[in-house]
Amino acid sequence: MDAFTTHTGTAAPLRRTNVDTDQIIPAEYLKRITRTGFEDGLFIAWRTNEPDFVLNRPEYANASILVAGPDFGTGSSREHANWALLDGGFRVVISPRFADIFRNNSTKAGLLTVVLPEADVEALWNAIEADPALPVTVDLQAEQVTYSPGGGRSTTVPFQIDPYTRWRLLEGLDDVGLTERHLDDVEAFETARPAWLPRALPAV
Amino acid sequence: MPKTLAEKVYDAHVVRSAAGEPDLLYIDLHLVHEVTSPQAFDGLRAAGRTVRRPDLTMATEDHNVPTLDILAPIADPVSRAQVEALRRNTAEFGIRLAPMGDRDQGIVHVIGPQLGLTQPGMTIVCGDSHTSTHGAFGALAFGIGTSEVEHVLATQTLPQYKPKQMAVTVDGELPPGVSAKDVILAVIAQIGTGGGQGYVIEYRGSAIEKLSMEARMTICNMSIEAGAKAGLIAPDQTTFDFLRGRPHAPQGADWDAAVAHWSTLRTDEDAVFDAEVHLDATALTPFVTWGTNPGQGLPIDARVPDPAEFADEGDRRAAEQALEYMGLTPGTPLREIEVDTVFLGSCTNGRIEDLRVAAELLRGRRIDADTRMLVVPGSVAVKAQAETEGLDRVFTEAGAEWRGAGCSMCLGMNPDQLAPGERSASTSNRNFQGRQGKGGRTHLVSPAVAAATALTGRLTAPADLIGV
């Protein structure tokens, strides 16, 4: 996983609530067994059927921050949704509320999810709609989003993230490697498990 | 300190707890299917790791499998390659696989309980959001992404934070024709698709206690549709009776020890929930969805809502977009909505009891001439049981199609899909845009409403059939 410290880029306004992972990438793209190359499926139905869809507009074509309405990433647990966003050039998604599994998957895949209050998302939407080229900075170290609407005074919005996840993202650390430091504890736990718990393999 | 059921299960599985870090939670059972696992196995190989507990891991083929010609090679080369990857991976790492054609094959959330692998008090994960189904047994069961699948394969643990606790209490007697599916659709409509975020939901109350295990699974299955991490129900005699004698259930003295432990798995009297929701079962009616997320549902007696009536701007915009996609006009009675296809199946409603309810309504009748009905059992064992009971003939004589087991049209990764613009009444769990096929329009319903709808070609409550 790539480390995430701070990112500056342009942002795309996705004024929709309940963006489920079937919309982020439909099931037919999930038949692949690779971990990269999912950008062709990203929001494919909306890109195909809606000429005005925000990511079809040239001014947002290079956006690397997605700003969405509440309940982003609901539904299926498919991490392909997170991979598709990364493959499609996004490093950050901002929303007032994320579905738990999507948010959790993001922390494993290196996509930063930032929760901001609805009013701040609305203000950011207005700013990037007025000026699609507006640079937006998401600073994980400082836990803040910064932009200067209309070239005027800078707006800074703080966000919160749990300190452990923040540390992992800043360092780009792999969870499995961290857990392997505690395999002694796992072994000790296993010796105390009741014998009647099921095993999937038939008894030999 | 008094604890909820979910807290008891969680606390009993904490391997390690340290300030400022997530807990390390032990996983008792890891269920695997072909879609969310190939990249995880690749990750293991790339890092030179192995599967720590293949004996606590079970795989099956469900999402991609065709429901016709099930013994022939899969025609779609991409689907076939994915299924073949699972066969290679499970063989390489020594994991039991129930492949197509095997008597234990089926939807991953149907076969776990059926084999008795799902038991009270366990932690169960799968790279699939409907893992919450297994909570019906009083297990803490939740869906994970592919990176976490890799983590569990490698370590049999997951880093976790203890979720918040929500109680959904349903008291009273369900009216005739109203089922578990209607209960959970009503819950989701009430709390919203994000209402459960960060929570584990415990379903309780007299209406829940009376439900069969199949019905409890339907309710827990759709916890994720309310945004919850998991949903569970305290194990009781109904649970024990379901499990007794199943292939992986404890036997003899082990059974007694297990039941003694399972009987302690109840929320303490004075335990405190972070949130509480109450529903009156007696006031419930058959529920159907009109929109493109599972929270957009209403009693079947209602009309398609007018977006202008939504106070919240986001909800209003979402309703407008949903109605446009669904091709619906505000004010239309839900009962006047005509469907092209009825799908009976999925991890939500593909178990034997679901098929029995639908068959009872179809017995001796013919489905509407312009409507097709697909009946897809949740597993090979459910299919066999239904055939033993003669349900397959009831369905085919009514004009429905009797298929092989799998996820099928719930998400259309196999050839069972809606055509663009086609409308379904579906017993599955998601009415998202394009979920059942590009441009397809889905109304979520119970098995009874599905069968009644197949008979008339319009959204229909079972009670409407009296005298028909």
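**The core and what surrounds it**

A:Val67 touches A:Ala11, A:Ala12, A:Pro13, A:Leu14, A:Ile94, A:Val121, A:Leu124, A:Trp125 and A:Ile128, leaving aside residues up to four places away in sequence. The model is predicted. A:Val67 belongs to the largest nonpolar core, which has 197 residues. The residues with the most contacts inside this core are A:Ile65, A:Leu66, A:Val67 and B:Ala358. Helix α6 of chain B, residues 180-191, provides the largest share of the core, 8 residues. In soluble globular proteins, nonpolar side chains tend to be buried together.

Stay in chain A for a moment. A:Asp71 sits in the loop between β3 (65-68) and α3 (80-87) of chain A. Its phi is positive, about 65°, although A:Asp71 is not a glycine. Is A:Asp71 buried or exposed? A:Asp71 counts as buried, because 28 C-beta neighbours lie inside 10 Å.

Now chain A as a whole. Its secondary structure comes to 8 helices and 8 strands. The C-alpha trace spans about 70 × 40 × 25 Å along the principal axes. Of the 204 residues in chain A, 43% are buried. Among contacts in chain A with a separation of 6 or more, 69% join residues 24 or more positions apart.

Next, the contact between the chains. It takes 47 residues from chain A and 67 residues from chain B. On the side of chain A that touches chain B, five helices each supply at least two residues: α1 (21-24), α4 (100-109), α6 (163-171), α7 (175-180) and α8 (183-191). Helix α4 of chain A gives the most, with 6 residues. By class, this side of chain A has 19 nonpolar, 12 polar and 16 charged residues. For the complex, the predictor gives an ipTM of 0.96 and a pTM of 0.98.

Chain B comes next. It has 16 helices and 19 strands. Its mean pLDDT is 97, and 100% of its residues reach 70 or more. Its C-alpha atoms fill a box of roughly 60 × 55 × 45 Å along the principal axes. With 468 residues, a compact globule would have a radius of gyration near 23 Å; chain B has 21 Å, which agrees. Buried residues make up 62% of the 468 residues in chain B. Of the contacts in chain B with a separation of 6 or more, 76% are between residues 24 or more positions apart.

One helix of chain B shows this burial in detail. The buried residues are B:Val108, B:His109, B:Val110, B:Ile111, B:Gly112, B:Pro113, B:Gln114 and B:Leu115. Just after α4 of chain B, B:Gly116 takes a positive phi of about 80°.

Strand β8 of chain B, residues 157-160, is a second case. B:Thr157 and B:Pro159 point one way from β8, B:Leu158 and B:Gln160 point the other way, and all are buried. The residue B:Gln156 lies in the loop between α5 (146-155) and β8 of chain B. B:Gln156 has a positive phi of about 60° although it is not a glycine. B:Gln156 is buried, because 23 other C-beta atoms lie within 10 Å.

β8 of chain B pairs with β2 of chain B in the antiparallel sense over 4 bridges. B:Tyr26 stands opposite B:Thr157 in β8 of chain B. B:Glu21 is partly exposed, with 16 other C-beta atoms within 10 Å. The C-alpha atoms of B:Glu21 and B:Tyr161 are separated by 8.6 Å, although these residues are 140 apart along the chain.

Last, a sheet of chain B. Five strands form an open sheet in the order β17-β16-β15-β18-β19, with parallel pairing. The edge strands are β17 (401-402) and β19 (441-444), and each pairs on one side only. Strand β18 of chain B, residues 423-426, runs parallel to β19 of chain B and is joined to β19 by 4 bridges. B:Ser424 has B:Thr442 as its bridge partner in β19 of chain B.

How values were computed: Residues are numbered from 1 along each chain as its sequence is written. Chains are lettered from A and ligands numbered from 1 in the order in which they are written. Two strands pair if DSSP finds at least two bridges between them. Two residues are in contact if their C-beta atoms, placed from the backbone, lie within 7 Å. Ala, Val, Leu, Ile, Met, Phe, Trp, Tyr, Cys and Pro count as nonpolar, Asp, Glu, Lys and Arg as charged, and the others, Gly among them, as polar. A residue is buried if 20 or more other C-beta atoms lie within 10 Å of its own, exposed if 12 or fewer, and partly exposed in between; C-beta atoms are placed from the backbone. The radius of gyration is taken over C-alpha atoms; the globule rule is 2.2 Å times the number of residues to the power 0.38. pLDDT is the predictor's confidence in each residue, from 0 to 100. A nonpolar core is a set of buried Ala, Val, Leu, Ile, Met, Phe, Trp, Tyr and Cys residues joined through C-beta atoms within 7 Å.
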